[in-house]
Amino acid sequence: MSDASTVATIEDADTFDDYAESHDDPRFTDWLRERSEPAWSDAVDHRFTRELGAGTLDEAVMAAYLTQDYAFVDTLVGVFGYAVGQATTMAAKRRFVEFLDVVTDDEDAYFERSFDALAVPPENWQTPERTATTEGFIDLLLAAKEQGGYAETLAVLVPAEWIYRSWATREAEDRPEQFYLAEWIDLHANDDFVAFVTWLREQLDTVGPTLSPRRQQRVARLFQRTVVQEVAFFDAAYDAVSSTRQSRSRRLQDACPALLRQQCRRSSPAGCRLRPAGSPRV
């Protein structure tokens with residue numbers, strides 16, 4: 001099938017039933033992922049993930065990213081905890097609990113060591129100021145948890161974890177030297193995490209086709225919004241650093257004339273007159 005035919009098929013598959021008719025072994029999560037393009041590819045292939053894997057990511061960008069991710073993780077843990085109650089079997093509840101144990105133990109320890117290595121002051125990550133992007137992502141997770149059922153909860157959890165598995169497994173073959181980059185990859189590319197995301201997809205693959213067409217569309221919108229938020233979350237780390245550096249540069253520019261005047265007064269008791277920028281020498 002040509003690329004143009006593939007795109008047409010995806011666009012025509014407005015419902016999962018339409019999609020299933022034109023695909024062999026159709027999966028509900030594949031339908032959701034394809035509907036989320038191009039945002040899905042933008043997230044997985046984002047500059048952030050490529051630079052992280054290459055070990056060239058600016059330390060300030062990683063620090064800004066981790067600070068916001070740590071602010072976000074409390075809500076994510078809460079949504080996973082909610083999924084424990086929604087899961088229909090004890091085996092499913094156990095899988096969620098096991099994952100939460102990793103997030104609240106191994107991953108939490110990683111954050112603290114990374115903040116120390118990146119010289120992030122404790123007050124910056126213990127009580128962080130959330131960006132508008134982080135707040136928007138949190139609002140999306142809470143809305144899915146509070147206004148829907150198990151399918152809606154899975155609709156935000158699956159893409160959030162699947163995107164990370166996708167780029168991390170790609171970058172795992174040649175890990176960077178910095179531990180805070182290498183271990184972030186490891187946390188999302190190890191066998192247990194890969195298996196958990198596979199299982200998480202299977203949960204949504206099972207429940208998705210049983211939903212009404214209207215609810216399937218609702219799940220699809222939540223899935224796509226989560227993917228878009230992931231792209232924005234990566235972008236925001238760069239934006240935060242750029243904004244901080246521009247602000248610092250402006251402060252330095254504002255301070256320079258005053259510093260020059262002080263130097264002039266010290267060197268010439270009679271004072272001096274600063275020549276406006278661009279004026280000719282006389």
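Helices (H or I, at least four residues) and strands (E, at least two) are taken as DSSP runs and numbered from the N terminus. The model is predicted: local features need pLDDT of at least 70, side-chain atom pairs count only at pLDDT 80 or more, and totals for chains, interfaces and linings use all residues. Residues are numbered from 1 along each chain as its sequence is written, and side-chain values use heavy atoms, with hydrogens and water left out.

Grid points are joined across faces, edges and corners, and a volume is the space filled by probe spheres set on the points.

The second largest pocket holds about 220 Å³ of space. Helices α7 and α13 each supply at least two residues of its lining. Among the lining residues are Arg-95, Glu-98, Phe-99, Val-102, Asp-192, Phe-193 and Phe-196.

Two cavities of 30 Å³ or more were counted. The largest cavity contains about 230 Å³ of space. Its lining comprises 18 residues, of which Asp-69, Leu-76, Glu-107, Glu-161 and His-188 are the closest to its centre. Two or more lining residues come from each of α6 (59–86), α7, α11 (150–171), α12 (179–189) and α14 (213–267). Helix α6 gives the largest share, four residues.

Technical notes
1 Å grid on protein atoms, 1.4 Å probe; cavity = no way out; pocket = protein on both sides within 12 Å on 5 of 7 lines; lining within 4 Å.
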